[in-house]
Amino acid sequence: MYKITSLNDQGLGVCFVDNKITFVYNTLIGDVIDLEIIKSTSKYNLAKVTKYIKRSNNYCDSKCPHFDKCGGCNFLNMSYEDTLIFKKNKLERILKKFANIETNIDIVSSDNRYNYRNKITLQVNNKKIGYYSYNTNEIVEINNCLLAKESINEIIPILKDFNVNNGKIIIRTNYINEILINIISDNDIKLIGDIPKNIKGIIANDKVIHGESYLIDTIGNYNFKISYDSFFQVNNYVANIIFELINKNILKDENILDLYCGVGTLGISTNTNNKLYGIEIVKNAIDNSIYNAKLNHINNYDYKCGKVEYNLNKYTKENIGVVIVDPPRKGLDKKALDSIITINPKQIIYVSCDPITLARDLNTLKDRYNIKYIKALDMFPNTYHVETFVSLERK
Ligand SMILES: C[S@@+](CC[C@H](N)C(=O)[O-])C[C@H]1O[C@@H](n2cnc3c(N)ncnc32)[C@H](O)[C@@H]1O
């Protein structure tokens, strides 16, 4: 019999088995359980519950029938308030541990705890369609995902008609419930039967097999064209709060460099009349950025397709006042970080989806930059992930 005493940063319960730290799936602080160890390393065990002897006082019933097995969510059996406290504490602890930054951080909640995602990625294995189970590569077949917008859920039952053998199906939706389906599969995909009218496009292995290869979506008052392979923020409501934070905090009348710019969202949201530069690795996303700048009445832009870390040299001469960075989870490449320091902007706005790499990068920047403003955002409700907005100004 073991008692869960805390949660680790991935939301797994922590207990000790023969003095070895043990992480347990599907548990909350206060749960008393029997467990089975499913993996053991020299440093830790990974375990699953065989019996709940007493459930935590914080336990709530999950609204999803797949929650016990599915690896898509972590926190469906916690109150929303408790999930926000977990995220706030996690971020504060990591910033203290890896950057020695001690600060009290507010977290902004999502407008919806459920049905907030405008995109989901389903795995396909031997024609089974769903998410990976939390502890194996087995597929948990689903016909509805509590995190996805309703228009996405309406499409899930017809996906089997595409006869995908193995691969992935990425479904996106927009503000008018249009659907874009991107199939990556090890077999040829042929369309049969009637395609629902709201399916704006189907792409299979990078070929358009029906309709268009993009959607137009909105964040706040801005419109964005998004190609099937471009990144786009998954939670439109929280993305708009990031836009508001940028506008509240950004230094005015400065040239802006938007790094890892995707389809141009963050830079475009500044509505700048100064020069707006952007760099992004995905070609279609850069084409989208150019289109989106015009669509949103930005005239003075210059987008470059390539890796941030190899393309920053020329910007040292461009009088950049503000650098916006929104990197993938691995954070800023060392080379990129060194080049940003050489560019020496007055302000760096860092939007992060991973507190550990954020803390690592802030630790490098903190000798030259002060944190002027920091806020956590619940971009991904019911998961252990937390988004962070940081405005840094040169000392
Ligand atoms: C977290 S997304 C942010 C996108 C955008 N700022 C937004 O708000 O939608 C990170 C982006 O970085 C791009 N990316 C990843 N590695 C990159 C690299 N080394 N150089 C340039 N872009 C990269 C990805 O394609 C993705 O569009």
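Reply: Valine 14 has phenylalanine 23, a residue of E4, as its bridge partner. That bridge belongs to the pairing of strand E3 (residues 13–17) with strand E4 (residues 20–24), which runs in the antiparallel sense over five bridges. Here, two strands count as paired if DSSP finds at least two bridges between them; strands are DSSP runs of E with at least two residues, helices are runs of H or I with at least four, and both are numbered from the N terminus. In general, strands of a sheet pair through backbone hydrogen bonds, either parallel or antiparallel.

This is a predicted model, in which local features need pLDDT of at least 70 and side-chain atom pairs count only at pLDDT 80 or more, while totals for chains, interfaces and linings use all residues. Residues are numbered from 1 along each chain as its sequence is written, and side-chain values use heavy atoms, leaving out hydrogens and water.

As for the setting, the protein has seven helices and 23 strands. Buried residues (under 20% relative accessible area, with a 1.4 Å probe and protein chains only) make up 54% of its 395 residues. Among contacts (heavy atoms within 4.5 Å) between residues at least 6 apart in sequence, 58% join residues at least 24 apart. Finally, the C-alpha atoms fill a box of roughly 65 × 60 × 35 Å along the principal axes.

Key
Buried means under 20% relative accessible area, exposed over 50%, partly exposed in between (1.4 Å probe, protein chains only).
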